[in-house]
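Dear colleague,

I am handing over the structure below, and I would be glad if you could read through it alongside the notes that follow.

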Amino acid sequence: MIKYIGSKRVLVPWITETICRVSQVTPLRRVVDLFSGSARVGHALKAQGFYVIANDHNAYAQVLAQALVGADARKYPVGKIQPILERLAALKPKTGWFTQTYCLKARYFQPKNGARIEAIREAIEAYQADPTLRAILLTSLLLAADKVDSTTGIQMAYLKRWAPRAWNELHLAYPPLLPGSGEAHLGDALEVAGALEGDLFYLDPPYNAHSYLGNYHVWETLVRFDNPATYGVAQKRTDVRERKSPFNSKKEAKAALEQLLARIKAPHLVLSFSDEGFFRPEEIEALLEGWGFVVRLSRPHRRYVGARIGIYNPQGVKVGQVSHTENREFLFVASQKRAVALALAQGEPTAKLALGG
Ligand SMILES: C[S@@+](CC[C@H](N)C(=O)[O-])C[C@H]1O[C@@H](n2cnc3c(N)ncnc32)[C@H](O)[C@@H]1O
């Protein structure tokens, strides 16, 4: 799966287990993952047998979800996809806008890989008639490009010296598709929430002021392939400045979450948050009032790698102190059924039954 800041890579088993525990009390079928990002949570839930409806407002995230959540592996088996990937992998490299911008003006990929990515991306346009197949091929390309990039995992900047992995050859592989169907929407959570129907909504909104479009602008351009106007050393798309999310604003996040919770029509909700976000757990519980019975689950979590390595100046000298290397992750489970809250609180040393409902 793709490197994605704020992604629930380590927490996926905990999240799926929690949702499965809700389903043991009251069987769930449709789960909405409203801020799907890398699609790894939706993918894990699909693997558990849920019908997953993913949504995100960035195009690269929709493509990942179209493949990892939406595509049925039985209709797109490896035998059908692999020959196409081999044809794409054999294409003559092309040094056009993408390579110029992201490998020469900026340095996200070695030019040899950038030019292959560009040729492959261009050829994928021929598969527009089958949007699922196109998304599978794009996902394979995104996952391959992510393995040879030269960043720390976000595209706000690239590394001064090439990352060792950037020298590797780009390799297209069959993505981890699952049998069964699902949905992948591209929309603003606030706009689509009321229209999506699910037995349970999983919410994982951004925690801080860093926009995902700014952090993953190269993926957005690779998927849209629209040669946008760019700016700065990082060559970000200029629409990073316009396409904002209220969930990235300390001022707007609370009202946005309030509105979102009012629009969701579902009997159960699981909300991810960390103690590094805009809200204290008590504030979230106050926002969830009206949702019925609320349980707060929490786990310690190792922070992102930069926080553990420390802070260095360009000469490689350690400057500054990292305040902490561990934070706390929360899952708030809100349910209209008391039995759900009681079942989740049982045997969970960290559980806190926040409201009586
Ligand atoms: C914390 S990440 C989700 C990570 C995801 N659960 C994972 O494991 O990869 C938050 C996601 O919300 C998306 N997002 C931010 N604002 C949004 C909005 N208003 N509507 C829909 N998606 C939004 C971002 O693009 C980002 O992918």
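Helix H7 passes H10 in a right-handed crossing, a term used when the near helix is turned clockwise from the far one by less than a right angle, anticlockwise being left-handed. Please keep in mind that this is a predicted model, in which local features need pLDDT of at least 70 and side-chain atom pairs count only at pLDDT 80 or more, while totals for chains, interfaces and linings use all residues. Residues are numbered from 1 along each chain as its sequence is written, and side-chain values use heavy atoms, with hydrogens and water left out.

Helices here (H or I, at least four residues) are DSSP runs numbered from the N terminus. H7 covers residues 131-147, and its axis lies 11 Å from that of H10 at an angle of about 145°; axes are lines fitted to C-alpha atoms over the stretch in contact, and angles run from 0 to 180 degrees between N-to-C directions. The contact (heavy atoms within 4.5 Å) brings Arg134, Leu141, Leu142, Ala145 and Asp146 of H7 to Trp219, Leu222 and Val223 of H10. By class, this contact of H7 with H10 has six nonpolar, no polar and two charged residues, where Ala, Val, Leu, Ile, Met, Phe, Trp, Tyr, Cys and Pro count as nonpolar, Asp, Glu, Lys and Arg as charged, and the others, Gly among them, as polar.

H10 (residues 217-224) also packs with H3 (residues 59-70), at about 65° and with the axes 7 Å apart. That angle makes H3 roughly perpendicular to H10, since 65 to 115 degrees counts as roughly perpendicular, under 35 as roughly parallel, over 145 as roughly antiparallel and the rest as oblique. Here Ala59, Tyr60 and Val63 of H3 meet Trp219, Glu220, Val223 and Arg224 of H10, and the residues of this contact divide into five nonpolar, no polar and two charged.

Turning to the ligand, 23 residues surround it, the closest being Tyr4, Ser38, Asp56, Asp204 and Ser245; a residue is near a molecule if one of its heavy atoms lies within 4 Å of it. Among the polar contacts (pairs of N or O atoms within 3.5 Å), a polar side-chain atom of aspartate 204 lies 2.7 Å from a nitrogen atom of the ligand, and a polar side-chain atom of serine 245 lies 2.7 Å from a nitrogen atom of the ligand. For alanine 189, a polar backbone atom is 2.8 Å from a nitrogen atom of the ligand.

How values were computed
Polar contact = N/O pair within 3.5 Å; in protein donor to acceptor, adjacent residues only side chain to side chain. Helix = DSSP H or I, 4+ residues; strand = E, 2+ residues; numbered from the N terminus.
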